[in-house]
Amino acid sequence: MERVSLSDSEISEAADGVHLAIMAGAEEMNVQHFEIEPGAAVEEHSHPHEQTGFIYEGELTFRSDGDETVCGPGDSYAIPADQPHAAENRGDETVRGVDIFSPPRENPTWQE
């Protein structure tokens, strides 16, 4: 069994105001903690990983296939592999949550 504390995880800034930390992982999946500051965005992208997540603080607006979906505290979501999607924090508080990726994913870098 693996135990990983967020306080022991290396946090990277994948884009301005978007902070990610890889946590526990196995052969088939891993957990990533995220914090997205007010006004920060994850530009449209896709990846071969299935992605599910849970928001525990703040509200995050997702864009996919021309639709917008707002997820807030207590909401979970699922994004199929290879589906283009983007996310933006349009609120006044930092969004905090966790994502689970299958297969496991490393922290991406979207900075130019």
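Reader: What order do the strands of the open sheet take?
Author: In this predicted model, 6 strands line up as E1-E2-E3-E10-E5-E8. Their pairing is antiparallel.

Reader: Which are the edge strands?
Author: Strand E1 (11-15) and strand E8 (76-79). Each of them pairs on one side only.

Reader: How are neighbouring strands turned against each other on average?
Author: By 25°, with direction ignored.

Reader: Back to E8. How many bridges join it to E5?
Author: There are 4 bridges between E8 and strand E5 (residues 50-57). The two strands run antiparallel.

Reader: What stands opposite Tyr-77 there?
Author: Gly-53 faces Tyr-77 of E8.

Reader: Switching to rings. How many aromatic pairs does the structure hold?
Author: It holds 1. Phe-62 and Tyr-77 make up that aromatic pair.

Reader: What's the geometry of Phe-62 and Tyr-77?
Author: The pair is tilted. The centres are 4.6 Å apart, with 50° between the planes. That angle falls between the 30 and 60 degree limits, so the label is tilted.

Reader: Which parts does the pair tie together?
Author: Phe-62 sits in strand E6 (residues 60-64) and Tyr-77 in strand E8, so the pair links parts 15 residues apart in sequence.

Reader: Phe-62: buried or exposed?
Author: Buried. Its relative accessibility is 11%, and the cut-off for buried is under 20%.

Reader: And Tyr-77, buried or exposed?
Author: Tyr-77 is buried too, with a relative accessible area of 11%.

Technical notes:
Residues numbered from 1 in each chain as written. Predicted model: local features only at pLDDT ≥ 70, side-chain atom pairs only at ≥ 80, totals over all residues. Heavy atoms only, no water. Pairing = 2+ DSSP bridges. Axes fitted to C-alpha atoms, helices over the stretch in contact; angles between N-to-C directions. Phe/Tyr/Trp six-rings, centres within 6.5 Å; stacked < 30°, edge-to-face > 60°. Buried < 20%, exposed > 50% of the residue type's maximum accessible area, 1.4 Å probe, protein only.
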